[in-house]
Amino acid sequence: METKKKFLSFNLGVKDTAVISLEHITEVVQVSLPEICGVPQMPSCVLGIYNWRGEMLWLVDLDAMLGYPPISQGSNLLSKMMAIVLENESKYLGLLVRQLIDIEWLDTNQIKPPSAELFYPKISPFLQGYFINEAKNMMFNLDAITIIQAPIWGVQN
């Protein structure tokens, strides 16, 4: 039985790598900070709303959400950032990431279960587990649906 799936890999924090299954990714867009409209009284990881294909897309600093230093802090205002647009049941959410790496074929049978001592407490609820790649590095497998349905987006649901 074919258990390989395509995943998008990207940087998380300065040295970690994460992957999200392509089946929940609609698009990857380049965003610059001035194009994002801030929204008051939102968690600090929510950067605001972005006009995407004429729709309002919420943009989230994925690093900040998962307990890493925020991406948006160190970057200058003109810098372009990549946003991964997730979709589940017609709900969309944009995740800002430091850098995209590649599209990877990974065998879902090789996912290792997440163990609490390996990961920040903030990241654990969104992890499906992790892969070990050929370079023996750990790649966190993030669960797109859990991220979209996270209680911190109270406003959207």
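The largest nonpolar core of this predicted model has 34 residues, and L62, M65 and L142 have the most contacts inside it. Such a core is a set of buried Ala, Val, Leu, Ile, Met, Phe, Trp, Tyr and Cys residues joined through side-chain atoms within 4.5 Å; buried means under 20% relative accessible area with a 1.4 Å probe, protein chains only. Apart from this core lies another, of 14 residues, W52, L57, A83 and L96 among them.

The model is predicted: local features need pLDDT of at least 70, side-chain atom pairs count only at pLDDT 80 or more, and totals for chains, interfaces and linings use all residues. Residues are numbered from 1 along each chain as its sequence is written, and side-chain values use heavy atoms, with hydrogens and water left out.

Contact means heavy atoms within 4.5 Å. The table leaves aside neighbours within four places in sequence.

| Residue | In contact with |
|---|---|
| L142 | F10, A18, V19, I20, L62, L66, I123, F126, L127, Q128, I147 |
| N88 | H24, I145, I148, Q149 |

N88 is found in strand β6 (residues 80–88). N88 counts as buried because its relative accessibility is 12%.

The largest pocket holds about 260 Å³ of space. A pocket is an open set of points on a 1 Å grid where a 1.4 Å probe fits, with protein on both sides within 12 Å along at least five of seven lines; lining residues have an atom within 4 Å of a point. Of its 13 lining residues, W105, L106, I132, N133 and E134 lie nearest the centre. Strand β8 (100–107) and strand β9 (127–132) each supply at least two lining residues, and β8 gives the largest share, 4 residues.

Technical notes: Grid points are joined across faces, edges and corners, and a volume is the space filled by probe spheres set on the points. Buried means under 20% relative accessible area, exposed over 50%, partly exposed in between (1.4 Å probe, protein chains only).
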